[in-house]
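Here is a short tour for anyone meeting this chain for the first time. Have a look at the sequence and the model, then read on.

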Amino acid sequence: MISGVINVYKEPGYTSHDVVAKLRGILKQKKIGHMGTLDPYAVGVLPVCLGKGTKLCDILSEKDKTYKAVLLLGQETDTQDSTGNIINKAEEDKLNALDQTEVFATIKSFIGDYAQIPPMFSAIKINGQKLYNLARKGEEIERPPRHCKIIDITITKIDLPRVSFHVTCSKGTYVRTLCYDIGKDLGVGACMEKLTRTRVERFDIKDSISLSQIEEIRDQGVLEQYITPVDEILDMYSKCMVSEEAEKLLYNGNIFTSRNTLLKMNHQDGQTVRVYTHDGKFIGLYMYIAEKQIYKPIKIFL
């Protein structure tokens, strides 16, 4: 079984689920999961977890993401992007009166904490029902705002009624809703015309590979070169190696003490560490409890 994370370039027309299903066929294994859904028409980085790496999905889903988007001012759609039905259009003179300086300032004003009402066309569940199922029936229900953070917005081109920009944002941010909200603030409405995800954590679009390329490198026998090992994904945590005599504790999912480590470690109370056997096999994430001088398992990757 292959384990780790592969940086897939999701092409237009595929759902994130489609990518996982196709990879299961290409790699001949079932244990595969993606982190961070991309809409079918959107393209870009979709990190996919393989084998033991599927335990990373929840960790990596929490990471910040960067997108390249095109905002189209002057119209609103039911999906908040250009694939939907137009439900409102701005008057021509109002749209023509827009000033680039005002547009620039309004977009930049979204940087920081942001209470975002998720779109009806989304997979979020409210009262056990996915919003997009209700939306397809023509229903709209009240959605509580969710806390998001816009870390940075860089405007790359203003050619009204279109604005191109890069945005780095927290988990759970809908860029099409950001576009919709910008349009509301400008008083002319807006939708998202294009979306490319360029980065998820360390995974950059320049290093991503398509499904057809994955088939090719599989046939060439070099697939391993394109898979990031599980423990490398977690390299923000310090490394802790356990003595050979105490390794049976690791395989049984038990705690171990500071006396069982190969080197004297100066870990702080509550610190998360990567734990390895004496010969370098990665076991999992542990938390150090200073009062008892023990390491308690958080997530095991055996």
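## Aromatic pairs

Rings of Phe, Tyr and Trp (its six-membered ring) count as a pair if their centres lie within 6.5 Å; planes under 30 degrees apart are called stacked, over 60 edge-to-face, and the rest tilted. By that rule, the structure holds six aromatic pairs. Take F256 and Y286: their ring centres are 5.2 Å apart and their planes meet at 55°, so this pair is tilted. The pair links distant parts of the chain, with F256 in strand β16 (residues 256-257) and Y286 in strand β18 (residues 282-289), 30 residues apart. Helices (H or I, at least four residues) and strands (E, at least two) are DSSP runs, numbered from the N terminus. F256 and Y286 are each buried, where buried means under 20% relative accessible area, exposed over 50%, and partly exposed in between (1.4 Å probe, protein chains only).

Y276 and F282 make a tilted pair too, at 5.3 Å centre to centre and 55° between the planes. Y276 has 2% relative accessibility, so it counts as buried, and F282 is buried as well, at 12%. K239 lies over the face of Y276, 4.6 Å from the ring centre; a charge sits over a ring if NZ of Lys or CZ of Arg is within 6 Å of the ring centre and within 35 degrees of the ring normal.

## Where the model comes from

This is a predicted model: local features need pLDDT of at least 70 and side-chain atom pairs count only at pLDDT 80 or more, while totals for chains, interfaces and linings use all residues. Residues are numbered from 1 along each chain as its sequence is written, and side-chain values use heavy atoms, with hydrogens and water left out.

## The whole chain

The chain has nine helices and 19 strands. Its C-alpha atoms fill a box of roughly 80 × 50 × 40 Å along the principal axes. Of its 302 residues, 46% count as buried. Contact means heavy atoms within 4.5 Å; among the contacts with a separation of 6 or more, 66% come from residues 24 or more positions apart.

Two strands pair if DSSP finds at least two bridges between them. Five strands make an open sheet with mixed pairing, in the order β15-β17-β18-β19-β16. At the edges stand β15 (238-241) and β16, each with a single partner strand, so one side of each has no neighbour in the sheet.

Further in, β18 pairs with strand β19 (residues 294-300) in the antiparallel sense, over six bridges. One of the residues involved is I289, whose bridge partner in β19 is I294. Over in β16 you'll find T257. Leaving aside neighbours within four places in sequence, T257 is in contact with Q293, I294 and Y295.

## Helix α6

The buried ones are V175, R176, T177, L178, C179, D181, I182, G183 and L186. They pack against β4 (65-73), α4 (100-108), β7 (112-116), β10 (146-159), β11 (162-169) and β12 (190-200). Just after α6, G187 takes a positive phi of about 80°.

R143 sits in the loop between α5 (131-136) and β10. Its relative accessibility is 12%, so R143 counts as buried. The side chain of R143 reaches the backbone oxygen of P118 at 2.9 Å. That is a polar contact: a pair of N or O atoms within 3.5 Å, where within protein one must be able to donate a hydrogen and the other to accept it, and residues adjacent in sequence count only if both atoms are side-chain atoms.

N7 lies in strand β1 (residues 4-10) and, at 7% relative accessibility, counts as buried. Not counting residues up to four places away in sequence, N7 touches V45, L46, F203, D204, D207, S208 and I209. A polar atom of the N7 side chain lies 2.9 Å from the backbone oxygen of D204.
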